[in-house]
Every structure is written in C-alpha cells, then in structure tokens.
Amino acid sequence: MALHEPLIDSFGRIHTNLRISVTDRCNIRCFYCMPLENVQFKPRNELLTFEEIERFTRISASLGINKIRLTGGEPLVRSGMPALIRQLIKVPGIEEIAMTTNGLLLEEHASDLFDAGLTRLNISLDALSEEMFEKIARRKGLDRVLAGIAAAKSVGFKHIKINTVAMTGISETEIIPLAKFAREQDLHLRFIEFMPLDAEHNWENEQVISGQKLREIIEQSIGELSPVKQADPNQPSVDYQYADGKGKIGFIDSVTQPFCVSCNRLRITAEGQIRNCLFSEIEWDAREAMRTGKSDQEIIQLMRDCVLAKKKGHGTDTPGFAHPDRAMYQIGG
Ligand code: SAM
Ligand code: SF4
C-alpha cells in the first residue's frame, strides 16, 4: 500500500522487492559462500529484532515494496520464523513472502511455515550425490535436504524452486541428475552462475559454468529447450521448457548476462544495513536510525539515498572490479 512516491533510482528502476537477511549464521559451509573456519558471526544484539524488521517492512511497503524474501545465512537457524512471517504478512501492501533456505531444517519447519503464510519457497541444492554435496557444503546433510523438499511438497507448497550453483570441475556430474530429479519431482530448477561473493576470495571466472553451456549440456542429454515468456519482467532467471512439456528450467546468468537493467531489489542485512546491490561497497545504517529514535520519514530518506546511489550495473565484468569484502552469507543471497 504505497503512500509515498515509489523507490525509483536514477536509471528509472522502480524497487518493489526487498530481501531481508535474518541471520548471518548457517549450519553448513558452502565453499562459494562461507569460510570453513573461524567464522565471525554477528552477536545477537546486533541483529535486527523482529519488531525492527516489521517496522522496516512497514516503511518499505509505504514506498511500494510488495514482495519480501527472507534469507541469510540460513534463515531457519534463527528461531521463530513462522512468527515473523505472521507479523510481516499482516503489513498492508505486502503481497508475497518468500524464503530461500538450504533445506536442512525444513522437514521440521515446513508445516509451520506454510500455515504462517509463507507464499514461496526456494531450496538450494547443488548435488544429488552425498560425496559432492559434502565437497561443496563441507558438511553432511543431503538426506535432510531431500527430506525437507519432500516435506515442503507434502504440506502444500506449490511451485517450489531449486537453486543450484554449478562450478567447473565440480558440478559436471550433477547437472543431468539434478535436471532429471527436478523434472520427476515437478520442481522448478534454476541454475545460478557462480558469483565472486565467496568469503575465501577464491572465485575465478574459469569456475563459472555459463547458463548457455548448461543449456547445451541439458539439451544433449535430456532434450530440446525452448524459451518461455517471462512471467515477471523483473525476474532474474530466463526460463525454458522441455519440448515434451514436462517441466521448466531457469538460468540466472548473473555473470555472463547480468540482469541489472531490470533489477528491482533492495536488501537489508541481518544487522540492519540497507544495500542497493550484492556488489555494493556502501551500506545505509537502518539499525542505528531505528535504535536512535529516528522517524519513519528519516528512514524513508535513508532508503531513498540508498536507491539513488545504485549503480547502473554490478560491474563484475569491468577491469577495475574488486571482489567485495562482504561475502554472500553476510549480505543475504
Ligand atoms: N542459506 C540459504 C540457502 O543457501 O539457500 C539462503 C542464503 S544463500 C546465501 C542464498 C542463495 O545464494 C543460495 O541459493 C546460494 O546457492 C546462493 N549463493 C551463495 N553464494 C553464491 C555465489 N558466490 N554465487 C552464486 N550464488 C551464491
Ligand atoms: Fe549457508 Fe546458504 Fe551460504 Fe550455503 S549458500 S553457506 S547454505 S548461507
């Protein structure tokens, strides 16, 4: 329910989508995201409380934000997610609340999340062999993710998406099994290109398997893919369908085909820093504003400043690009 002018940046992009990180903690250690050891998590008192998240959501909705995604770190390691969803779904103007999860704790929480009103679920899964899962996640847990997917389906979640990061020298054996699994299970698989947001700063361009390459591999083994009309012009994935009509598959080509031109996303980190891009070097401190008694109007101004400073593109393909200090788990993917 927008009461104010929408959040428009200097390139005319209207921001209607907010990604809220609820924690920087996680129960696995994907090498493309977190460090293996000595992770410096934020102390609890630095994280936004549910009341602060609700206030920020309410202010965002007054500026035209209508979709929320809860992410992290792993959102389900923070207790009380169903309660938070219940709070946020009541905010006038919020039409959809989604969550991105690694699925490890989903089996026990799926039913409560569904009942609380979670509208969409994205589950990350990079491998179907235990050996490869462990190599990527640096923890065990494939069985639990698969049980989480089954639970999510059985409690009634529809249109579940599976997020897969594919990397050279690692994922080649997983691509076809994952594509077949998704088709059989009626899941919408989406491949995300590996971005330079790993905490250990080991990312190299050669490790990225492009969406184009993935499509070729899948077409050779499973069958022809044809593009599907975009359901949402701001969606990051380009979707394809199989010629036999059985299933859809999407490609988020963030590195080889950046979608910045249609990006309508704003982010807030678990400790309340507003960001206009995953690759942004600047943050706007909403936590400090809220904890020092700033008015809604002052927080609106902070959000507008953030959005107005948004660059045209993430610039990972430009010569001066520097790997950001903050890794994916600290921002909220
Ligand atoms: N823990 C949850 C999960 O893994 O689904 C939510 C947070 S995670 C940071 C959100 C998404 O970001 C996941 O799908 C993950 O695969 C993806 N991701 C993390 N690091 C990435 C990277 N360097 N490049 C591309 N995607 C990445
Ligand atoms: Fe955890 Fe998600 Fe990062 Fe993997 S991608 S380490 S599951 S936050």
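## Crossing of α3 and α5

In this predicted model, the crossing of helices α3 and α5 is right-handed, a term used when the near helix is turned clockwise from the far one by less than a right angle. The axes of α3 (residues 106-116) and α5 (residues 142-155) come within 8 Å and cross at roughly 25 degrees, which means that α3 is roughly parallel to α5 (angles under 35 degrees count as such). Axes are lines fitted to C-alpha atoms over the stretch in contact, and helices are DSSP runs of H or I with at least four residues, strands being E runs of at least two.

Leu-106, Glu-107, Ala-110, Ser-111 and Phe-114 in α3 meet Ala-147, Gly-148, Ala-151, Ala-152 and Val-155 in α5, where contact means heavy atoms within 4.5 Å. The residues of this contact divide into seven nonpolar, two polar and one charged, with Gly counted among the polar residues.

## Two histidines with positive phi

His-159, in the loop between α5 and β7 (161-166), has a phi near 55 degrees, a positive value in a residue other than glycine. His-159 is exposed, at 65% relative accessible area, whereas His-201, with phi also near 55 degrees, is partly exposed at 38% (buried is under 20%, exposed over 50%, partly exposed in between, with a 1.4 Å probe and protein chains only). His-201 is found in the loop between β8 (188-193) and α7 (211-221).

## Basis of the values

Residues are numbered from 1 along each chain as its sequence is written, and chains are lettered from A and ligands numbered from 1 in the order in which they are written. Local features need pLDDT of at least 70 and side-chain atom pairs count only at pLDDT 80 or more, while totals for chains, interfaces and linings use all residues, and side-chain values use heavy atoms, leaving out hydrogens and water.

Terms used. Axes fitted to C-alpha atoms, helices over the stretch in contact; angles between N-to-C directions. Parallel < 35°, antiparallel > 145°, perpendicular 65-115°, else oblique.
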